[in-house]
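Colleague: I'd like to learn how to read a model like this one. Could you take me through it feature by feature?

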Amino acid sequence: MSATDHVSVEVRDLRREFKTKEAPVVALDGISFQVREGEVFGVLGPNGAGKTTTIRILSTLLLPTSGTAKVMGFDVSTEPEKVRHVINMASGAEKAGYDFITAKKNLWFFSQLYGLPSAVAEARIRELSELLGLTKYLDRKFYALSTGYRQRATIARAFINDPKVVFLDEPTIGLDVMTARSIREFLRSEAKRNGRTVMLATHNMAEVEAICDRVAIIDRGKIIAAGTPDSLKRALGAPALVMEVSPPPKSFDFLTGVAGVRGFTSATDEERDLSTVQVVVGDDDAAAEAAKRVQAEGLKVIASWRKPASLEEVFVALVGRGFKEREEQGGD
Amino acid sequence: MRARALVRLWSIYGEPLWVIVNMGFPILSSLAFSLLYLSIGAGSYVGFAVLGGVMVSFWSNVLWSMASQFNWDKQDGMFEIYLTSPASITAILIGMSLGGIINTVPSAAIVTAIGWALFHPVVYASWGAVVLTFFLTLAALYALGMTLSSLYLVYGREAESMNNVLQEPVSMFSGVYFPSIGAFSPFPFAVQLAASLIPLTIGMDALRRSLFFGQGFSGVSLDLFLLADLSVAFLIASMVALKALERKGRTDGTISVRIR
C-alpha cells in the first residue's frame, strides 16, 4: 500500500510561543502542511528550528498558541483524547522502559495502555520483535539492553497499538549505522505495507533522503521549503563546489558577494591546518568565480571537487549557511 | 491499572535486594523505639513501636514510590508516553498504589514478625475494627500519595528534597511511634488538629485503640468515617490536580524536561 490522497495530518498557520524571563520565544511561526495516509514525512531542520515543537503539538503534549492541527480529522487542541487513540510517538532521546523488567514485559505493559487483549498484544510483540531483530533480546531486562536494542524496543513500543499515525523525534540519534539503517527500513516498510503515516523530525539529512516521501525544511519556526527530496535537489541547478583550502581563514564571508553563490558551509580541521568549504552555486560559472575569489584571498586550494546535490545543499541555498552555522547563530 | 500494578511487582521481586533494603529503616526504628519503651519501664506500650514500624513501611513506600514516581517518569520520558496514550492517568496511579501496597506487605510482615518475636507485645484486639481501620488507612495514605504524585510534577527535581523534608516530621506528628493526638499526646491542641489532616495520624490512633485497647467499630467509627472521607477527598484532589496540571503543562510546555 502506498500513500493515498486521504489526509492524516493537517496543520494550518500553527504558531507556538514560549514565555521566557526576557521575551517570548517564537518556536513556530505560522507553519502549514498536510501529510497523507501511508506517507513518510520528514520535518528537517537544525537544532532549535521548531521540529520537536511541531511533533509535540501533534502528539497532544503541547497546545499551539494559535492555528489548528488535526490528526485523522481530530483537533489536537480540543479533542486530544480522540487523537491519542490513533497515534503513538517515540523519541530517540527517551529512556522509555522500566529498567528492572524485561523488554517483553515492558512492551506488554505499553500495549495495556491502549487496552490490547493480552493475546493480541503477545502476537503484536512477536511480530514487531521479528521485524526489528529484537526477538533474541525480549527476555533481557531493559537496563541490560544496549543502546541500539533499547531503541529497537522503543520503536516497537511506538507501533504496539497499530497506530494510524506515528510521530518520531530523532528516532536514530546516536545509533550505529547498521541499527539506524535497520530502523529506517522498518519505518518505511510499516508505512508502505500497512498504510501508516510516519512523521519524523530529524536533523539527519541522509535519513530524510533514505526514507521520506516528502520533507518540509524548517528554520527558525518557518517552513522554508517543502517537497520530495528529489524535487528539492533538482531545483538547485548545479552541483556544489567543495574546496580544501589552507591556511584556514577566519571566515568565508568574502564569498557572499560572488555572483551566483547561493550560500556556503565550512569546517576547519586544525590537525591538518585546512578548511573545507562547500559552496552552493547557481551554475558552473559561479563555481569558477568562487574558486578564483578564494585564491584572490591568498588561500591555497589543496583540492576541489563537485558534489552531487543533497538536502544539505538545499538548506544552504535557502538559508545561506549550513545547519552547524545556523545553530551557532542561534535559532528559536 | 492491573498492568501498572504488575510492573511494580515485577520490578521489586525481580530485584529481591530491594525488598531487604526496604525493610532496613522500619526494622531499625521500630527496634529503637521498642528498646526505649522497655528501658523506661513502659514495656506494655512496646506494641506501639512495632505497629509504627509496620506503618512506616507503607508511609515510606507512599513517599518514595508513589509521590516521586511521576517526577521520575517525567525525567525518563515515561510520563509523555502515559499522556499520549488513551489510558487514564488516575487508573495508572491506582495501579501503582496497589502494586506498592502488595510490595510493602513482605517488609511489613517481617517487621511484625521480628517485633512480636523479640518483644511479645500484649494485644487486646477487636480484629474486625483493626482490619477495616488498616485498609482504610492504606486507602487514605495511598490516595494522599496520588495527590502528592500529581503535585510533585510541578516541583521537578526538588521533589526528592521535599520527600526528605516530609518523611521525619510526618513520622513524628502522625504518632507513628507514640500517640500524637488524644489524651496522651505531648503536642498542643492546634498541632494535634493540624496533624489530624495526615491520614496516618488518624489511622495510627485508631489502630492503637482497636489493636491494643480492644475498641470495636463503635469506638473507632469517627476515625473510620474520617479516613473514608480523606480517601475520597485525596482521590478527587489527585484527579483534579492531574487534569489541571496536564492543561497547564500543555499550555506552558512543561510536561517534558526536554523542551527543544
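Modeller: Start with a single residue, and keep in mind that the model is predicted. Gly14(B) counts as partly exposed, because 15 C-beta neighbours lie inside 10 Å. A buried residue would need 20 or more, and an exposed one 12 or fewer.

Colleague: Which helix holds Gly14(B)?

Modeller: Gly14(B) sits in helix H1 of chain B.

Colleague: And which residues does Gly14(B) contact, leaving aside its neighbours within four places in sequence?

Modeller: Phe100(A) and Ile101(A). Compare that with Asn164(B): its C-alpha atom is 26 Å from that of Gly14(B), and the two are 150 residues apart along the chain.

Colleague: Now the contact between the chains. How many residues does each chain bring?

Modeller: In general, the size of an interface is often given as the accessible area lost when the parts come together. Here I can give residue counts. Chain B puts in 24 residues and chain A 28 residues.

Colleague: Which helix gives the largest share of the side of chain B that touches chain A?

Modeller: H5(B), with six residues. Helix H1 (2-14), helix H5 (78-84) and H11 of chain B each supply at least two residues to that side. By type, the side of chain B that touches chain A has ten nonpolar, eight polar and six charged residues.

Colleague: Next, helix packing. What describes two packed helices?

Modeller: The angle between their axes and the distance between the axes. Take helix H2 (residues 16-39) and helix H3 (residues 46-67) of chain B: their axes come within 8 Å and cross at roughly 160 degrees. An angle over 145 degrees counts as roughly antiparallel, so H2(B) is roughly antiparallel to H3(B). Their crossing is right-handed.

Colleague: Which residues make that contact of H2(B) and H3(B)?

Modeller: From H2(B), they include Phe25(B), Ile27(B), Phe33(B) and Tyr37(B). From H3(B), they include Val46(B), Gly52(B), Gly53(B) and Val56(B). The contact of H2(B) with H3(B) has ten nonpolar, eight polar and no charged residues.

Colleague: At what angle do H10(B) and H11(B) pack?

Modeller: At about 155 degrees, for helix H10 (residues 199-212) and helix H11 (residues 217-252) of chain B, with their axes 10 Å apart. That makes H10(B) roughly antiparallel to H11(B). H10(B) passes H11(B) in a left-handed crossing.

Colleague: Which residues of H10(B) and H11(B) meet?

Modeller: Among them, Ile202(B), Asp205(B) and Arg209(B) in H10(B), and Asp223(B), Leu226(B) and Leu230(B) in H11(B). The contact of H10(B) with H11(B) divides into seven nonpolar, three polar and three charged residues.

Notes. Residues numbered from 1 in each chain as written. Chains lettered and ligands numbered in written order. Predicted model: local features only at pLDDT ≥ 70, side-chain atom pairs only at ≥ 80, totals over all residues. Axes fitted to C-alpha atoms, helices over the stretch in contact; angles between N-to-C directions. Helix = DSSP H or I, 4+ residues; strand = E, 2+ residues; numbered from the N terminus. Parallel < 35°, antiparallel > 145°, perpendicular 65-115°, else oblique. Left-handed = near helix turned anticlockwise from the far one by under 90°. Contact = placed C-beta atoms within 7 Å. Nonpolar A, V, L, I, M, F, W, Y, C, P; charged D, E, K, R; others polar.
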